[in-house]
Amino acid sequence: MKLLSTTIILSSFLNCALAQSLRRSLMGQQYNYQVVGDPETSNIKRNKPVGYSITFTNHWTEKNHPYNYPSKDPHWSDFVYASHSRNYEMWRDRRVASKGIENIAEEGVTKDLVSEINSEIKEETVLDQVMGAWIRKATEGATSSPKEDLCVDKSHPFVSGIGMLAPSPDWFSGVYKLRLFDRETRFWYQKIEVNVYAWDAGTEGGNDYSFDNDPKKENISPFK
């Protein structure tokens, strides 16, 4: 496998329910991700497998998002990433959260999601998975990066990932089905940077940074 100095950079920006100042500008938008600038394209064709490093950068701070910002222990859980085909969904808008997604969104527990991914690896819808360490204190610019590169190939050119925002009922951030190649040239990206936003897993009630609320059963949705 050809390992490149390829990079995926995810930057967290919470949306309107938590950042009151952004409420008007973000209403009605789709929040999966927003590409920052133009991705850098490599000289490696998509038919060659490659590896990507991933960096998640925190911008969820009291200064950036003062609306009801938690006074105690703001942090992120461990992060889980997977490379996959079109036929796999770790999570996405308007879908019911799996048990693995529920557990990481509510408690930061990754075990069930990793088990779900391993089952998909056997079915060949997922190629690889990596984990990034938790962010102990959510200071501006704090980062999390897996120690291993995430492998992708022609049949598995997408990446999805998730990490819990804490404390919270069932809120998380991440990305689903991020394409890692240029559609026109069919070359892998050398570097792609995206802004990612906050999501509600739909598994626990609560409108502020609290936990141990009553359970609920709704679809995954962005904050509105």
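This is a predicted model: local features need pLDDT of at least 70, side-chain atom pairs count only at pLDDT 80 or more; totals for chains, interfaces and linings use all residues.
I counted one cavity of 30 Å³ or more. The largest cavity has a volume of about 40 Å³. I then looked up which residues line the largest cavity. They are His84, Tyr88, Glu89, Met90, Trp91, Arg92, Ser160, Tyr176 and Lys177. By class, I noted four nonpolar, two polar and three charged residues in that lining.

**A pocket.** Next I turned to the second largest pocket. It holds about 170 Å³ of space. Which residues line the second largest pocket? I listed Glu106, Glu107, Met164, Ala166, Pro167, Ser168, Pro169, Glu204, Phe211 and Asp212.

**A cis bond.** A cis peptide bond joins Ala166 and Pro167. I wrote down an omega of about 0° for this bond. Most peptide bonds are trans. Where does Pro167 lie? I found Pro167 in the loop between S9 and strand S10 (171-179).

**A positive phi.** I noted Asn68 for its backbone as well. Asn68 is not a glycine, yet it has a positive phi of about 55°. Most residues other than glycine have a negative phi. I placed Asn68 in the loop between strand S4 (50-57) and strand S5 (75-84).

**Two helices.** I looked at how H2 packs with H3. Two packed helices are described by the angle between their axes and the distance between the axes. H2 spans residues 99-107 and H3 spans residues 111-122. I noted an angle of about 150°, with the axes 7 Å apart. Angles over 145 degrees count as roughly antiparallel, so H2 and H3 are roughly antiparallel to each other. The crossing of H2 past H3 is left-handed. From H2, the contact is made by Lys99, Gly100, Ile101 and Asn103. From H3, Asp112, Leu113 and Glu116 take part. How many residues of each class does the contact of H2 with H3 have? I wrote down two nonpolar, two polar and three charged.

Terms used: Residues are numbered from 1 along each chain as its sequence is written. Side-chain values use heavy atoms; hydrogens and water are left out. Axes are lines fitted to C-alpha atoms, for helices over the stretch in contact, and angles run from 0 to 180 degrees between N-to-C directions. Helices (H or I, at least four residues) and strands (E, at least two) are DSSP runs, numbered from the N terminus. Angles under 35 degrees count as roughly parallel, over 145 as roughly antiparallel, 65 to 115 as roughly perpendicular and the rest as oblique. A crossing is left-handed if the near helix is turned anticlockwise from the far one by less than a right angle, and right-handed if clockwise. Contact means heavy atoms within 4.5 Å. Ala, Val, Leu, Ile, Met, Phe, Trp, Tyr, Cys and Pro count as nonpolar, Asp, Glu, Lys and Arg as charged, and the others, Gly among them, as polar. On a 1 Å grid over the protein atoms alone, a cavity is a set of points where a 1.4 Å probe fits but cannot get out, and a pocket is an open set with protein on both sides within 12 Å along at least five of seven lines; lining residues have an atom within 4 Å of a point. Grid points are joined across faces, edges and corners, and a volume is the space filled by probe spheres set on the points.
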